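Keep the model open while reading.

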Amino acid sequence: MRRAWSARWLLLLASTALIVAVTLVPFGGLRTSAEEMPATWCLKCGGLWLTDFISNVVLFTPFGAGLAMWRSSTSRMSVWQVIAISFAFSLFIEGMQSLGLPPGRSAALADVISNTMGGAVGVLLVRCWSLTRPRPSVAMACCGAWLVGACGTLMLTSLALGPRLLGAVGSTSYRLSHFSYAPGYGWFTGSPDSARVNGVAFVHHGGGPVVIEASQEPAQLDMTVTVRGRESTPEAKPMLYVHTPQDSTAVGFVGGRGDDAMLSVTRRAWDWGLALPSIRVHDAFRSRTLDDARPITLTAHAAPDRLALEVSSREFNGSNEL
């Protein structure tokens with residue numbers, strides 16, 4: 001009995017500490033300007049709103065389970081008590097963020113809803129623990145529900161990884177963008193020499209990324225950029241960034257993240273609030289210095305069914321494909 005009591009308290013304390021660490025401890029924070037901050041108390045906040053929503057549900061699920069497992073000498077918490085405590089804790093966190101604690105964060109009504117849902121999921125998992133050993137009829141129903149859910153997930157994934165628009169390559173025009181940097185990513189500290197997007201060549205002198213505006217989103221992107229030096233931070237920084245006039249979000253970009261080269265593209269998933277799919281070539285920039293004068297070329301291909309990235313220089317050759 002004492003061991004079970006200790007496990008309940010450990011789960012509750014550990015989940016609370018994790019929530020505080022993720023939401024209220026400033027681990028450097030996001031370097032975000034005031035113009036890029038999402039609206040306060042928003043329901044659909046930022047480009048990754050669904051990703052954040054799912055993450056918050058998962059974050060609060062152990063907290064709800066810990067509350068559900070806690071019991072006093074006379075009774076244990078009800079479902080509604082756990083939901084109320086999850087709601088109050090989430091409201092406290094968002095209230096602190098609305099006051100600027102920690103810096104670079106903004107309060108969101110969506111977070112309150114998703115956090116409360118996470119607490120509810122936790123208490124329901126505890127209450128339905130008996131389903132781990134169900135009767136045969138219940139087991140068959142669970143199998144059927146799992147099969148439908150798995151097939152639905154695969155179908156939605158295939159749709160999410162498809163292109164947002166289907167403009168033909170030949171009907172899309174390209175020009176240098178009015179953005180001097182990649183929106184949302186900042187300034188690339190290396191020096192691109194030249195770039196090519198679907199056969200259209202661009203010359204670039206000095207630091208910063210090559211930012212290209214496409215008249216519409218093409219179904220396929222072939223991108224090449226030759227740079228000198230490397231990015232000075234471990235964050236993702238585009239070297240070649242392509243967007244449309246209606247949206248500053250990248251149709252696709254080629255860049256670096258620490259020692260790795262990366263290709264990232266927009267798909268329907270972005271419109272649904274999910275992350276952009278990407279691939280990396282590891283250690284492409286490991287042997288390079290910030291002012292390295294040796295050219296290195298990144299060649300990328302992005303089609304609905306294939307992502308490919310190749311990096312080549314005198315000292316390094318590597319590729320990756322998805």
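Which residues of α3 are buried? They are V82, I83, S86, F89, S90, I93, E94 and Q97. Buried means under 20% relative accessible area, exposed means over 50%, and partly exposed lies in between (1.4 Å probe, protein chains only).

## Basis of the model

This is a predicted model: local features need pLDDT of at least 70, side-chain atom pairs count only at pLDDT 80 or more, and totals for chains, interfaces and linings use all residues. Residues are numbered from 1 along each chain as its sequence is written, and side-chain values use heavy atoms, with hydrogens and water left out.

Helices (H or I, at least four residues) and strands (E, at least two) are DSSP runs, numbered from the N terminus.

## Helix α3

Helix α3 covers residues 79-98, 20 residues in total. At 1.5 Å a residue it should span 28 Å, and its end C-alpha atoms are 28 Å apart, which agrees. The expected span is 1.5 Å times one less than the number of residues.

The buried residues of α3 fall within an arc of 135 degrees seen down the axis, so they line one face of the helix. The arc is taken from the directions from the helix axis to the C-beta atoms. Just after α3, G100 takes a positive phi of about 90 degrees.

## Packing of α3 and α4

Helix α4 spans residues 109-127. α3 and α4 pack at an angle of about 150 degrees, with axes 8 Å apart. Axes are lines fitted to C-alpha atoms, for helices over the stretch in contact, and angles run from 0 to 180 degrees between N-to-C directions.

The two helices, α3 and α4, are therefore roughly antiparallel, a term for angles over 145 degrees.

## The six-strand sheet

An open sheet has the order β3-β2-β5-β10-β11-β12, with antiparallel pairing. Two strands pair if DSSP finds at least two bridges between them. β3 (200-203) and β12 (317-321) stand at the edges, each with a single partner strand, so one side of each has no neighbour in the sheet. Neighbouring strands are turned by 10 degrees against each other on average, direction ignored.

β2 (residues 191-197) runs antiparallel to β3, joined by four bridges. V197 has V200 of β3 as its bridge partner.

## Strands β8 and β9

β8 (residues 260-265) pairs with β9 in the antiparallel sense over four bridges. M262 has R280 of β9 as its bridge partner. The covered face of β9 (residues 278-281) holds I279 and V281. Its uncovered face holds S278 and R280.

## Loop residue P209

P209 is in the loop between β3 and β4 (210-214). Its relative accessibility is 3%, so P209 counts as buried. The C-alpha atoms of P209 and S191 are separated by 7.8 Å, with the two residues 18 apart along the chain.

Note on methods: Parallel < 35°, antiparallel > 145°, perpendicular 65-115°, else oblique.
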